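Please keep the sequence and the model in view while reading.

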Amino acid sequence: MNDLFALTDQYSSNNYSPLKLALAKGRGAKVWDVEDNSYIDCVSGFSVVNQGHCHPKIIKAFQEQSEKITMVSRALYSDNLGKWEEKICSLANKEKVLPMNTGTEAIETAIKIARKWGSDIKGVNDGEGEIIAMKGNFHGRTLGALSLSSQESYKQGFGPLLNNVHYTDFGDLSHLKDLINKNTTAIILEPIQGEGGVNIPPDNFIKEVRKLCDEHNVLFIADEIQVGLGRTGKMFATEWEGVEPDIYLLGKSLGGGLYPISAVLANHDVMDVLTPGTHGSTFGGNPLACAVSMAALDVLIEEKLIENSAKLGQKLLNQLQLIDSNIISDVRGRGLFIGIELTEAAQPYCLEMIEKGVLCKETQGNIIRIAPPLVINEQEIDKVISVITEVLEKSGK
Ligand SMILES: *Cc1c(COP(=O)(O)O)cnc(C)c1O
């Protein structure tokens with residue numbers, strides 16, 4: 001096994017520092033390492049595998065489509081792009097969709113739409129449009145997405161980035177109001193911040209953002225790439241406040257853990273600022289992606305995974321909040337998206353949990369993010385609860 005790590009490290013670029021654990025198999029909420037030890041997966045490839053590892057229905061869709069046709073350029077029509085579009089548009093209650101491949105590309109697309117909408121519709125001078133982002137966000141690693149980041153260590157040495165981006169603390173409504181001016185084209189936020197540490201905004205914040213956007217003619221862009229599609233116990237995390245954004249961004253589990261696909265969803269009035277030749281992606285909306293994504297969405301609905309996320313997530317949250325430990329400073333979450341904030345570095349505790357068969361990972365140094373596949377069952381949840389309790393409680397008083 002050491003050979004495997006050495007080989008990978010020898011050739012891998014140095015932008016990751018993975019744990020010394022190599023996975024070789026996954027089914028449902030479980031994964032196995034190369035020595036056949038099993039774990040309950042509480043990372044889900046960062047919420048990519050909401051439908052569970054290697055879901056048979058999604059694999060079947062992949063196999064069947066891959067024997068028909070896998071690639072059709074957007075210079076032509078395919079026989080399934082429209083079907084996928086109809087399905088995702090009706091789920092999101094939007095009129096139009098633009099398929100891309102990765103989350104960060106969906107972000108880039110939204111930035112382009114916001115700028116173009118600003119100059120074509122709102123009447124902002126070309127080049128003067130502004131975007132407001134939340135501190136502690138994560139929107140991706142390409143230069144546009146990076147320009148929205150408030151984390152200096154992500155940006156250091158990569159400039160120049162996009163200008164005209166302003167930041168407010170996540171939840172600071174009065175500062176947000178102060179930042180809005182005639183050149184503001186969009187406010188972009190994750191309804192619950194993922195990488196930032198499972199940060200839930202104060203009550204009504206999302207609703208107030210919606211109101212501000214309406215009052216000031218500003219687009220509300222919801223980055224639901226990580227928290228959308230059932231992760232938080234609702235189809236979209238903005239539903240927690242009964243709010244519909246102007247633009248939804250989806251990715252990650254939209255491809256069922258099998259194939260990358262992302263989407264930008266909006267109504268005509270916004271999406272129509274893009275005209276032929278103004279945007280595109282070679283792989284975006286290819287038949288294989290559409291077939292896989294349709295199966296992934298069907299599984300989410302047919303297997304009631306959103307309901308399962310809400311129900312088992314609530315149980316998990318309740319039980320984790322009962323842990324008596326003087327190193328836990330907060331346990332928060334919605335659905336199967338939970339953050340356990342510690343008063344010290346979380347990695348040693350994650351390693352202990354892994355040894356006991358629960359795969360989890362820290363974010364921001366001291367927060368353990370628990371996000372198992374939404375197919376997880378009650379028995380597996382019980383094991384997650386008992387392992388986390390055992391590991392954290394013994395460090396308590
Ligand atoms: C993962 C993530 C992205 C970026 O997605 P990639 O597919 O890695 O490019 C953007 N926004 C959020 C909220 C994410 O969690």
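The chain has 14 helices and 15 strands, where helices (H or I, at least four residues) and strands (E, at least two) are DSSP runs, numbered from the N terminus. This is a predicted model, in which local features need pLDDT of at least 70 and side-chain atom pairs count only at pLDDT 80 or more, while totals for chains, interfaces and linings use all residues. Residues are numbered from 1 along each chain as its sequence is written, and side-chain values use heavy atoms, with hydrogens and water left out.

**Overall dimensions**

- The radius of gyration of the chain is 21 Å, which agrees with the value near 21 Å that a compact globule of 397 residues would have; the radius is taken over C-alpha atoms, and the globule rule is 2.2 Å times the number of residues to the power 0.38.
- Taken along the principal axes, the box filled by the C-alpha atoms is roughly 60 × 55 × 45 Å.

**Ligand site**

- Around the ligand stand T102, G103, T104, F138, H139, G140, E190, D223, I225, Q226 and K252, a residue being counted if one of its heavy atoms lies within 4 Å.
- This shell divides into two nonpolar, six polar and three charged residues, with Ala, Val, Leu, Ile, Met, Phe, Trp, Tyr, Cys and Pro taken as nonpolar, Asp, Glu, Lys and Arg as charged, and the others, Gly among them, as polar.
- A polar side-chain atom of Q226 lies 2.7 Å from an oxygen atom of the ligand.
- The protein covers 82% of the 380 Å² of accessible area that the ligand has on its own, as computed by the Shrake-Rupley method with a 1.4 Å probe.

**Cavities and a pocket**

- Four cavities of 30 Å³ or more are present; on a 1 Å grid over the protein atoms alone, a cavity is a set of points where a 1.4 Å probe fits but cannot get out, whereas a pocket is an open set with protein on both sides within 12 Å along at least five of seven lines, and lining residues have an atom within 4 Å of a point.
- The largest cavity, of about 50 Å³, has a lining that includes Q226 together with K361, E362 and R369, and both α2 (44-47) and β14 (361-363) supply at least two of its lining residues.
- The second largest pocket holds about 730 Å³ of space, and of its 25 lining residues, R74, E85, V97, L98 and P99 lie nearest its centre.
- Two or more residues of that pocket lining come from each of α4 (81-92) and β4 (96-100), and by class the lining has eleven nonpolar, nine polar and five charged residues.

**Backbone features**

- Most residues other than glycine have a negative phi, and most peptide bonds are trans.
- N164, which lies in the loop between α7 and β6, has a positive phi, near 65°.

Methods. Polar contact = N/O pair within 3.5 Å; in protein donor to acceptor, adjacent residues only side chain to side chain. Points joined across faces, edges and corners; volume = space filled by probe spheres on them.
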